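Biologist: Can you walk me through this model? Let's start with the ground rules.

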Amino acid sequence: MMPVFFSPIPLDPNRYFCNMNRVLHLLRLLAVCSTALSALACSTSKQADLLVFNATIYTVDSAFSTAEAMVVNDGRIIATGNAADLRGRYETKETLDAGGRFIYPGFIDAHAHFMGYADGLRNADLTGTGSWDEILERLELFAKDHPDGWLLGRGWDQNDWPGKQFPDNKKLNELFPGRPILLTRVDGHAAIASQAALDLAGLRAGDRIAGGEINILEPMIGSAETGPKTLSGLLVDNAVRLVSSKMPAASREEMKKSVSIAEKNCFAMGLTTIDDCGLTVDAVNGITEMQQAGLLKMRLYVMLSDDPRSLDYMEKNGILETERLTVRGIKLYGDGALGSRGASLLAPYSDKPGYLGFLLSQPAHFDSAAARIYAKGYQMCTHAIGDSGNRTILKIYASHLKGKNDLRWRIEHAQVINPADFDLFGQNSIVPSVQPTHATSDMYWAETRLGGERVKGAYAYQQLLKQNGWLPLGTDFPVEDISPFRTFYAAVARKDGSGYPTGGYQVENALTREQAIRGMTIWAARANFEETKKGSLESGKYADFVILDKDLMKSPEASLLETTVWMTWLNGEKVFEKK
Ligand SMILES: [Zn+2]
């Protein structure tokens, strides 16, 4: 339709004149307005702190859209879009040319042990050891710099050794006579203690503990040994605590130093929020103190450990929420781990006839904790690995949640699920919180433990994602490496670093790249009730972001593990830059 002004219909000259006048007037008005508008634009070009440009910014908004620039002010993102447009609208104190690199929301690790990792930095690193003898060699080296007191180590995995047998403490006692030693398995669910450590804990052969095992040294078949049985030093699950509780606490200075190193390592990997799964009230107080003194910048989402003080804290204080610290969950342990056969299974282990593993507490304990947690609107987060462990916890959750809800109670690991139980997640809005590197770390022996049929319901991330339409991802470091790129690669490729197995492990449960990125950002934020504050790069959210040299959406699969972080920004502040 033509505008009226050019109307071919003959017009009454008066009206025509009148119209012409009106048009001229309008044009004049427009000219005045546009001058006024541009003047207005100049004078209202807003002040802001930082313009980041020349980037591909994956905003991880609901449409998964990208932008080439963004503006940050006062620790928050205030705009994303086209660089020229943003330059016109904002006058910034600083600009950052990203050099064509790729920007993602700061990574959120939905399940880790940040303080445990920091503690571990003071211990001998036993990860990647190929034999018990290699561990002894590393310990001898470590002991040169740490000649006194307890000798601590972490990270061994007998599945990586020839014979795959659990060790005993005989050689430890010979090499380090009288010295208390505790060497924790990679999953934290088993440890080997020296005789001196067992003595400090007062443990004797024949002692028992619920939810744990105190291993006895069996005499060699046909040997003449007849005397009283001795302990092998191997402790599983609750038994580990009998010894670890005797260790002296680190000094405040030691703790601060290792927390700073831990934070630095995490920033270098692009992490800006970490879920610390199971801390004491004392540890939370320590974190608060360090954050208030400016010694710790990392944002932490804390689940308190399952002890009476934590539950009292919850009932007295309710939810604690500051810019960098949230405390609103309780972490419970349903069962143990698959590697140390502590996971609770519905049918016996395929490689240990008649043995079912065990729950770490009676169901009544989980049930009464659930009632108290529910009453305070806290989040219940329970470790469950075996199909029986998962079923027990799912049913207890369901009995309190009674259908769809927004309490976001989580099952940590949700590792082996019976096919009949998957729907309990969706029906009760229970959040499976999974760690993709567990699939690729365990894939070599998981089928030996579970058998060919049962293993199909293990590490079933795509199937779990379908339950609620979202799925938070984590690492469980220091059980696994802190790197979110390993999480991403394991989630999408389902292979180890050497590319094994070709085609991927149980690849029907691989995640798409977009799903994996969401799992490490917005879905992890959602698992923490923080999706309105972080997890995507949208106006109003924290300016927590990471700049990478590679495009996680498009880089060839084999190169994903080589991804490096150029910069990490937290709250609009640069906290890491690659040198
Ligand atoms: Zn964990």
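Modeller: Two strands pair if DSSP finds at least two bridges between them. Helices (H or I, at least four residues) and strands (E, at least two) are DSSP runs, numbered from the N terminus. This is a predicted model: local features need pLDDT of at least 70, side-chain atom pairs count only at pLDDT 80 or more, and totals for chains, interfaces and linings use all residues. Residues are numbered from 1 along each chain as its sequence is written, and side-chain values use heavy atoms, leaving out hydrogens and water.

Biologist: How many bridges join E20 to E21?

Modeller: Three, and the two strands run parallel. E21 covers residues 431-433. Ile411 has Pro432 in E21 as its bridge partner.

Biologist: Which helix does the chain pass through from E20 to E21?

Modeller: H13, residues 422-427. That β-α-β crossover is right-handed: with the strands pointing away from the viewer, the path from the first strand over the helix to the second runs clockwise.

Biologist: And in what sense do E19 and E20 pair?

Modeller: Parallel, over four bridges. E19 is residues 379-384 and E20 is 410-413. Cys381 stands opposite Arg410 in E20. Here the chain crosses through H12 (residues 387-401), again in a right-handed β-α-β crossover.

Biologist: New topic. Which residues are the protein donors of the zinc ion?

Modeller: His111 (NE2), His113 (NE2) and Asp476 (OD), at 2.1 to 2.2 Å. Donors are N, O and S atoms within 2.8 Å of the metal (3.2 Å for Na, K and Ca); water is not among the atoms, so sites may look incomplete. The sequence spacing is H-x1-H-x362-D.

Biologist: Is His111 buried or exposed?

Modeller: Buried, at 0% relative accessible area. Buried means under 20%, exposed over 50%, partly exposed in between (1.4 Å probe, protein chains only). His113 is buried too, at 15%.
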